[in-house]
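Let's walk through this one together, from whole chains down to single residues. Have the viewer open and follow along.

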Amino acid sequence: MAEMPKVHDRVLLALFSLGLAVVFSGGFLNHAPNRLATGVAYPLSQAPALEAAVAMTGLCGLALLSFAKGQKLRTFGTTLAAALILWGSLAGAGHFAAILMQTGPPAARASLGPAFWTLAGVAILAIVDAVQRGSFSFLARVGIGGAFCAGFFLMAAAGDFDSLSLAREFWNNRGIFVSELLHHLGLVCAAIFFALMIGAPLTVLVLRKKAAAGFVFASLGILQTIPSIALFGVLIAPMSRLSELLPLLRGLGINGTGPAPAVLALTLYSLLPLVRGFYTGFSEVAIEVKDAAAAIGFGWRRRFIEVELPLALPALISGLRVVTIQAIGLASVAALIGAGGLGTFIFQGIGQYALDLVLVGAIPVILLALLANFIFEMLLGLARRNL
Amino acid sequence: MIELCNVSRNFGPTPAVADFSLKIESGAFFVLIGPSGCGKSTVLRMINAMILPDKGKIEIHGQDIRETEPEKLRRGIGYVIQSAGLFPHWTAADNILAVPRLLKWSPSKSAARLDALVAMLGIDPALLKRYPKQLSGGQQQRIGVARALAADPDIILMDEPFAALDPVSRVALQHEISGIHAESGKTIVFVTHDMDEGLRLATGMAVMNNGRLIQAGTPASILLAPADDFVRDFLGGEALQLRLLDLVPVRKLMKPGKTRATETIAAEASLKSALNLMLASRRMSLCVADESGARLGEIHLNDIVARRDAR
């Protein structure tokens, strides 16, 4: 009797099963006469045959690879299979939409369905998993990421996505997209700047006075538990009162709504993870190392810059990473109080029942968070190099 | 010379060091010994102003240490601690040259000093580019000792430097530091709770308990006349007499002349080694020979048992 083939990678098999289930049960593309109408969901099987076949080949490739024994074969095979899934789905969706839109009214919309998102998600997860297990070098990671981005932009430039409503929404908003993106980044950077300005002295305080540590962490913990929308709302009244009382603040554009309360709220949220990360970083520098530095004649300033700071750096970077990623996400909510940013698209989209417009805001937020994570991972690797 | 005059230091309500006076002559290998928590490390750390006394004063070469800036004072005093305390983010070479860097030595002077230290302590030059976590405990402590010696200070403070090492590394480093002391004439103040280590290294010794100085003197004088029961117990109780034998060379008690003894012992070997050889060879007497092997005389068990004036 033939032996049962052994599964060497359960993740790939799970991804394959998920992809397969959704491809056969969910729509790949949704075609509606206008924004509000429900429309018809078309499965992948009705998409242009070549592209659909490429995507399915990639998906079945994942299933086969989960039985492959060699780690190297699995890593490279998975990257290739994921590329097939991603290119097949993207091209399939774009070309399928173009065909559907030829017949429909001008206000018709072709939006991406669950099967597309699942396939894209499966492909990305498979790549991330393969890259992590393959322990690629920094250059290889950037190369793989760059290749995928390049392919995407080439297809976009060739007009492959022009008929998709997501691309249309993006194109309609292209003028304000860049400014809202910069605005979003501005909110995040301002919040982190102020969090550092307040967090650094607070860290010194909790390190010097252990008695203060409990009080500081408890207060910051309470701030952290206030839901974000509530905090934004709560800040409106005192901030507008303050701006009424102080013309100088009003002159600076500080108001109950807009960027000022948003930055304040984001700063307050950043404080706890930041101070906790910094505190852990500095208190975990071995006592005998600090002691030895002092005993051989380092002054406190040199000791801080040359010994404590480099040794605490990985923890400091981890703290900043948490805070940055959190602020990128929370800044989307700030659009509710008129602070602008990518959240603007999300709330506009919800208001107009234009789900593709929501994605114009949401996808860049996710990508920004992933990019920030990637950059901080690299910095962390550099800081840990010799530790 | 290091002189501590009526020094006291409390940590909270508990006195760590109380009314402590001590003179350490230049060139001494001075061992501060006592049980854990007796205040010996506190005394050591007061010498380089890591801990300031509440009362009393400390002088180095006749100068009150409070008159010197602490950083400047410490750069002139070598310091070694139990865990080596190397900077984990610096290579071994950078660690060794930490103090010369603080003193802004020229690169050529630093490089020459590094070569000299590597030769002096028998450090494998291949280790110099490594980071501390890539070194064994013994290698780390060797680097730690080299760091203390780097700027060629007159005084070196060592706080239980070899306590965490394996016996082989410990003995090797004790030997190394003893040789460096003999060659350089530096003053070494050495804290330990290990009596064997103390006796092996010390030219001068102070026994401490509960923050107080109980007895100071040469190792032999303390062994021969313990000040009280505490010192006697700490010296090893029943083993005290055997330890004493370790301090006296055979040369001192041998009788010159002809001998019929067949087993030979070196004149510079300790009485303890002689007794050991007698027990092992079941002889009552041994032939004493000098380094060249020439017979100098004889030592008899009775000489050891009835020894007078072993000092």
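What percentage of the 311 residues of chain B count as buried? The figure is 37%, where buried means that 20 or more other C-beta atoms, placed from the backbone, lie within 10 Å of a residue's own. Before going on, a word on ground rules: this is a predicted model, in which local features need pLDDT of at least 70 and side-chain atom pairs count only at pLDDT 80 or more, while totals for chains, interfaces and linings use all residues. Residues are numbered from 1 along each chain as its sequence is written, and chains are lettered from A and ligands numbered from 1 in the order in which they are written.

Staying with chain B, its C-alpha atoms fill a box of roughly 65 × 50 × 35 Å along the principal axes. Its secondary structure comes to 13 helices and 14 strands; these are DSSP runs (H or I of at least four residues for helices, E of at least two for strands), numbered from the N terminus. Take the contacts in chain B between residues at least 6 apart in sequence: 63% of them join residues at least 24 apart. A contact here means C-beta atoms, placed from the backbone, within 7 Å.

Where do the two chains meet? On one side are 15 residues of chain A, in contact with 17 residues of chain B. Two elements of chain A, α12 (287–295) and α13 (300–330), each give two or more residues to the chain A side, and α12(A) has the largest share with six. That side divides into ten nonpolar, three polar and two charged residues. Nonpolar covers Ala, Val, Leu, Ile, Met, Phe, Trp, Tyr, Cys and Pro; charged is Asp, Glu, Lys and Arg; the others, Gly among them, are polar.

Now look inside chain A, which is divided into domain 1 (10–172) and domain 2 (174–384), with bounds from an automatic or database domain assignment. Their centres, taken over C-alpha atoms, are 34 Å apart. Nine residues from domain 1 of chain A and ten from domain 2 of chain A make the contact. Helix α6 (165–172) of chain A gives the most to the domain 1 side, with five residues.

Finally, find helix α15 (residues 355–384) of chain A. Its 30 residues should span 44 Å at 1.5 Å a residue, and its end C-alpha atoms are 43 Å apart, which agrees; the expected span is 1.5 Å times one less than the number of residues. Buried residues of α15(A) include A:Asp356, A:Leu357 and A:Leu368. The helix's buried residues pack against β3 (109–112), α6, α7 (174–208), α13 and α14 (343–351) of chain A.

How values were computed
Two residues are in contact if their C-beta atoms, placed from the backbone, lie within 7 Å. A residue is buried if 20 or more other C-beta atoms lie within 10 Å of its own, exposed if 12 or fewer, and partly exposed in between; C-beta atoms are placed from the backbone.
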